[in-house]
Amino acid sequence: MLNKGRREFITALGAATAVSCVASPRVVGAQQSQVPVVGILSATSAKTAWYLNGFHEGLKKAGYVEGQNIAIELRFAEGRYDRLPAMAAELVRRGVAVVVAGGIPPLVAAKEATSTIPIVFTSAADPVQLGIVASLNRPGGNITGVSHIGVALAPKRLQLLLELVPTASVIGVLENPSNPRIDLEVVGLEAATQSVGKRLLIVKASSEQDFDGAFATLVRAEADALLVAGEPLFILRREQLVALAARHRIPAIYDYRDFTTSGGLLSYGIDLTEMYRLVAGQVARILKGAKPADLPILQPTKFELVINVKTAKALGLDVPVHLQQLADEVIE
């Protein structure tokens, strides 16, 4: 359940999005002449964007407050990657000072839309490996950002999952084939599963209509456990995925705490609020005159492990004491 602060933020966020969609060109032009406008392009939705609290906190620390000396335009694709190019083009036409691209698909859309407006991205994969930037220290061009190495954490998630289900032999992975990160994540997981004598089973879902079929495949293959990728579509439909895992009694680990607080077994990944504080710092430097090409891509070091003991008991699993002691949060 969302706490009061998150509920209030989401309500305000939804209102801000609605206002940005109906503002007249005259008002928009007036705002643009007075303060810099930052466009945020996301594949998720306003309902899952509570982490933008960190963005506002980071801006405030740098001297920027929305409604006073900075304006923010929000664009959410609601899990539909095909909407991103038009949204990116819209932000470019709007004349934003910076585009914040939340994830690889929004980054690709923003990169195709402009080669001059600065782009600050978040990425779960190495942007150098994906060919997006020249290097982490000097990315070049109009792009910089924060790479939170979510893909590189996949073997660690496998390790944590096997501590709860040590007898598992077939490990499922739920991925969205439309996301460019899939190949990098699978390579790391294949090596990790082979090293511990397990078999990896990749199941794919590019829409919520694919979820039932994906779980049916897992059941037929007698998968003993499941890793769910940190994919925008999956975040949007996390309650559905958590319910399917519970119905089929498949222990699952996720990238983000939202899944675990929604009833998932456990999650291990980046603290998204902290990551967006770093993004805000990059945006502020650009607004103050820095060039994206000269700003090193940051890598956050704060990760969080969340365990839902109630869900573990429902699955007949015992959570080792040492694992509970390592956790940042244990949900009883």
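The legends below describe close-up views of a predicted model. Residues are numbered from 1 along each chain as its sequence is written, and side-chain values use heavy atoms, with hydrogens and water left out. Local features need pLDDT of at least 70 and side-chain atom pairs count only at pLDDT 80 or more, whereas totals for chains, interfaces and linings use all residues.

View 1. The structure holds 4 cavities of 30 Å³ or more, a cavity being a set of points, on a 1 Å grid over the protein atoms alone, where a 1.4 Å probe fits but cannot get out. Of the 24 residues that line the largest cavity, Gly102, Gly103, Pro232, Ile235 and Tyr256 are the closest to its centre, and lining residues have an atom within 4 Å of a point. Helix H5 (104-113), strand E4 (119-123), helix H9 (232-236) and H12 each give two or more residues to this lining, with H12 giving the most, 3 residues; helices (H or I, at least four residues) and strands (E, at least two) are DSSP runs numbered from the N terminus.

**View 2. The second largest cavity.** This cavity has a volume of about 50 Å³, and its lining includes Trp50, Asp255, Tyr256, Ser267, Tyr268 and Glu304. The elements that give two or more residues to the lining are H11 and E10, of which E10 gives the most, with 4 residues.

**View 3. The second largest pocket.** Helix H3 (52-61) and helix H12 (272-287) give two or more residues each, and the largest share, 5 residues, comes from H12.

**View 4. Strand E11 between its pairing partners E10 and E12.** Two strands pair if DSSP finds at least two bridges between them. Strand E10 (residues 266-270) and E11 run antiparallel and are joined by 5 bridges, with Leu266 standing opposite Ile307 in E11. E11 and strand E12 (residues 329-331) pair in the parallel sense over 3 bridges, and here Asn308 stands opposite Ile331 in E12. Strand E11 (residues 303-308) is mostly covered, since 5 of its 6 residues are buried, that is, under 20% relative accessible area with a 1.4 Å probe and protein chains only.

**View 5. The largest nonpolar core and Val283.** A nonpolar core is a set of buried Ala, Val, Leu, Ile, Met, Phe, Trp, Tyr and Cys residues joined through side-chain atoms within 4.5 Å. Of the 53 residues in the largest such core, Phe55, Leu174, Phe234 and Val283 touch the most other members, and H12 gives the most to this core, with 8 residues. Not counting residues up to four places away in sequence, Val283 touches Val38, Phe55, Leu59, Val98, Val100 and Val120, contact meaning heavy atoms within 4.5 Å.

**View 6. Phe259 in helix H11 (residues 257-261).** Phe259 counts as buried because its relative accessibility is 1%. Its contacts, not counting residues up to four places away in sequence, include Phe234, Ile235, Arg238 and Tyr254. The C-alpha atoms of Phe259 and Val228, 31 residues apart along the chain, are separated by 9.8 Å.

Definitions and conventions
On a 1 Å grid over the protein atoms alone, a cavity is a set of points where a 1.4 Å probe fits but cannot get out, and a pocket is an open set with protein on both sides within 12 Å along at least five of seven lines; lining residues have an atom within 4 Å of a point. Grid points are joined across faces, edges and corners, and a volume is the space filled by probe spheres set on the points. Buried means under 20% relative accessible area, exposed over 50%, partly exposed in between (1.4 Å probe, protein chains only).
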